[in-house]
Amino acid sequence: MYAKVIIDIKHEDVNRFFDYIIPQKYEDFLERGMRVLVPFGKQTRMGYVTEIITESLDATKEILEVLDVIPSINEELFSLMNYIKNHVPALYSSIFSTVIPSELAVNYTKVVEMVKPELVPDDLKPYFNKKGIWRLKRKDQVYYPRLKKLRDSKDQEIIKIKTVIKEKGTTKTDKTYTYNQNHHYKRIYHYEIVIDLFNMKKEYTRKELTDQGLTASNINTLVKNQVLFEQEKDVFREIEHQFDLSDKKVVLTDEQQNVVNQIVNSLDKQETFLLKGITGSGKTEVYLEVISKVIEQNKQVLVLVPEITLVAQMAKRLKSRFDDVAIYHSALSSGERFDQYKKIQSGKASIVLGTRSAVFLPMEDLGLVIIDEEHDDSYIQKEQVIYDAVEIALERAKHHQIPVLLGSATPSITSMYEAMNNRFTLLELTKRPLNLEIPTIQYVDMRLELEKNNTSIFSKTLLDAMKKRIEMKEQTILLFNRKGYAPFVLCRACGDVPQCPHCDISLTYYKEKKSLKCHYCGYEKPFDNTCSVCNASKVKEVGTGIEYVEQVLKKQMPKARVLRMDKNATRIKGSHEIIWNNFLNEEADILLGTQMIAKGLDFPKVTLVGVLMADLLLKVPSYKSTENAYMLLAQVTGRSGRFYPGEAIIQGYDIGHFAIKSVNQTYETFYQEALYNRKLMNYPPFKNTSQILISGESYLKTYQRAFMLKKALSSLSCDVLGPSQALITKIKDYYRFTITLKYETIEKQELFDLLEAHEFDDIKIRYFPYLDIV
Ligand SMILES: Nc1ncnc2c1ncn2[C@@H]1O[C@H](COP(=O)(O)OP(=O)(O)OP(=O)(O)O)[C@@H](O)[C@H]1O
Ligand SMILES: [Zn+2]
């Protein structure tokens, strides 16, 4: 028997199947989808078995080891990988590592062993340990050529180089102790506490015992004298939460019950529901009720939220009401994530809650997928292997023949269009349950503030409203969608902005480190207030970042307790949940944040939402920027008045803009206008679009190649636009051009072949299945 294997190396040259002999001991055991170790050239590598075959002409080497007990890739996952493969050109190995958890990957470390110590050059000797072993680090790469020579020297092998492979995910074990009733230890009277403890519970972990005051040497003595039996056991790394498990009990409104009934009647069918419910209309209660019905049928539910910020709130609701909830996202520790994965893989989770990548988790008895805030861009993975988790979820639904429930107050234009054309079933919630209205919205034109000599970033209206909230013990959410502090520096004398020498982008200013850094290539140089162009000592930070807003806020409202939620404030594991929990428990008056706080969150005491520089949202270069701005504003203002009547204040310089104005109107008004624009411009849902990036070191050559590609593409039935300069015209010394495709249908494989044929050593071509990712 033989196995077809994809090798875990991300390189074009090995992007194909390799045949290996299955040793007899693995013949009955090995299955398609398992991870194996195989010899590859002079190395040992991990690989994925994609097929078991009976004949092979190429197989010469045997599989060394099998890493799985259950296949890491089940049949459903294989079909999802196939779906991805048909949509984007990507290496097999990259697709594998996209769909499985990173904990299933392995680390390869090279180890050098002395064979003839006397012949090892003196300057290398200090790197070896006492046992004659040197674990190579990344920085040791400079020694590779010399080491290889020592290994390959003709008649004498002076050293050996081995690859040590370690799985990233590890199972945690802990020592546990039970009490031996029949021991003969005389001095047990010294350990009364032990007797008491084991009267209460049969088994304790080492940590539990030390927490009770026993020292390590106490425990050792008791084990030695056979009072305690010691055993090594796997321990499950449970995720620790900040919240308590108390569930709200609500009686569904007629509208909610209606929606629930419709979904529940279709649980055995593949059907896509679009639940469009205004902000605060109680979509979560609908989810919970439907989930309980799915679980009654012994099936599983996958719940996706677009951002880690939203996990805690949903986790609290789910864990309070249901057992066996697993949680999966990138902010867990590697150990926690590995254990959650194992729990899911073994079928022990009835509900899985996660962010984008959770869409690939193995769930054999999947009965429903819920995608909350379905309009959110975060569902699209924009790096490496590009995919849209919503599309993947719809594929899974096809596989299992089950419904998908998409929920949003502001559905994406494409989802709404599907619903209007009866391909999705539209369900609506039009009211807030406690008869509360959507908050009233007030616009403040900051140009007029300036005329009134107010140069602060806060208008008087907003400042007064926040102060009033503090007096009334109510809370405020403030949105400022720009991260970091003073993102760049500028010479006030000549206007020069320091740029990265390798990329066409201004350098970011890091105040604490006093340095300037390029976001794209990592180039870094110390900040210097002398301008390199005009020599004036006038280089200063520019712009107002969210940390600056926080400072001003504290200055203008010294009594206010402010929490900040942005990428910087949430770098530490668990901080999303801490900030969320603290604000929910009213330990702060104001929650200041980026788009992270704009959607989905439900804080009863928030009666004011303020938006600073709303027009910043429009400055994003995307065909969707108007729509995204509208949706973000409609979402964030919807955080106000969910339990008590509320209001929202939007500040900006261009508040007459369609996107900003529309927040005060219905979603339908906005949808009609946005759809009209998309029709006019041939954007989705009317035409499919994708983009091709052509990059190379020579400006002229790259531009020429892009034109040649355009010509070749005209043989396909699609509109080809461009080539034009990419938004960032140069990255890491590579010039960048884009070509945009618009089409109804396109033969993807033909397109990918064409792109491949146009790749040259000095020209790179990348394909993006969606616009504005380049
Ligand atoms: N039937 C009900 N009776 C009383 N309160 C309810 C009812 N349904 C929902 N609520 C409460 O209303 C609030 C808003 O509900 P929820 O967070 O589910 O809104 P949502 O539709 O998800 O809104 P958004 O799109 O803004 O996130 C919650 O505090 C929820 O507990
Ligand atoms: Zn750079």
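Visitor: Into which domains is the protein divided?

Guide: The division runs to domain 1 (107-167), domain 2 (172-235), domain 3 (254-429), domain 4 (440-484 + 546-680), domain 5 (487-542) and domain 6 (688-768), with bounds that come from an automatic or database domain assignment. The C-alpha centres of domain 1 and domain 3 lie 51 Å apart. This is a predicted model, in which local features need pLDDT of at least 70 and side-chain atom pairs count only at pLDDT 80 or more, whereas totals for chains, interfaces and linings use all residues. Residues are numbered from 1 along each chain as its sequence is written, while chains are lettered from A and ligands numbered from 1 in the order in which they are written.

Visitor: Why is Cys503 called buried?

Guide: A residue is buried if 20 or more other C-beta atoms, placed from the backbone, lie within 10 Å of its own, exposed if 12 or fewer do, and partly exposed in between. Cys503 has 21 other C-beta atoms within 10 Å and is therefore buried. Cys503 is found in the loop between strand E23 (488-491) and strand E24 (508-510), where strands (E, at least two residues) and helices (H or I, at least four) are DSSP runs numbered from the N terminus.

Visitor: What makes Cys518 a contact of Cys503?

Guide: Two residues are in contact if their C-beta atoms, placed from the backbone, lie within 7 Å. Leaving aside neighbours within four places in sequence, the contacts of Cys503 include Cys518, Tyr520, Cys521 and Ile728. Cys518 itself lies in the loop between strand E25 (515-517) and strand E26 (524-526), and is buried because 21 other C-beta atoms lie within 10 Å.

Visitor: How do you know that the "binding site" residues Cys500, Cys503, Cys518 and Cys521 cluster in space?

Guide: UniProt lists these four, Cys500, Cys503, Cys518 and Cys521, as "binding site" in an unreviewed entry; such positions are given in the numbering used here, feature names are shortened, and annotations may be inferred rather than shown by experiment. They are spread over 22 residues of sequence, yet the largest C-alpha distance is 8.7 Å.

Visitor: Where does UniProt place the feature "binding site" at Cys491 and other cysteines, and why are they said to gather at one spot?

Guide: The unreviewed UniProt entry places this feature at Cys491, Cys494, Cys531 and Cys534. They span 44 residues in sequence, but no two of their C-alpha atoms are more than 8.7 Å apart, so they gather at one spot.

Visitor: What makes Leu332 buried or exposed?

Guide: Leu332 has 21 C-beta neighbours inside 10 Å and so counts as buried. Leu332 lies in the loop between strand E14 (325-328) and helix H11 (334-345), and touches Ile239, Arg337 and Gln340, not counting residues up to four places away in sequence.
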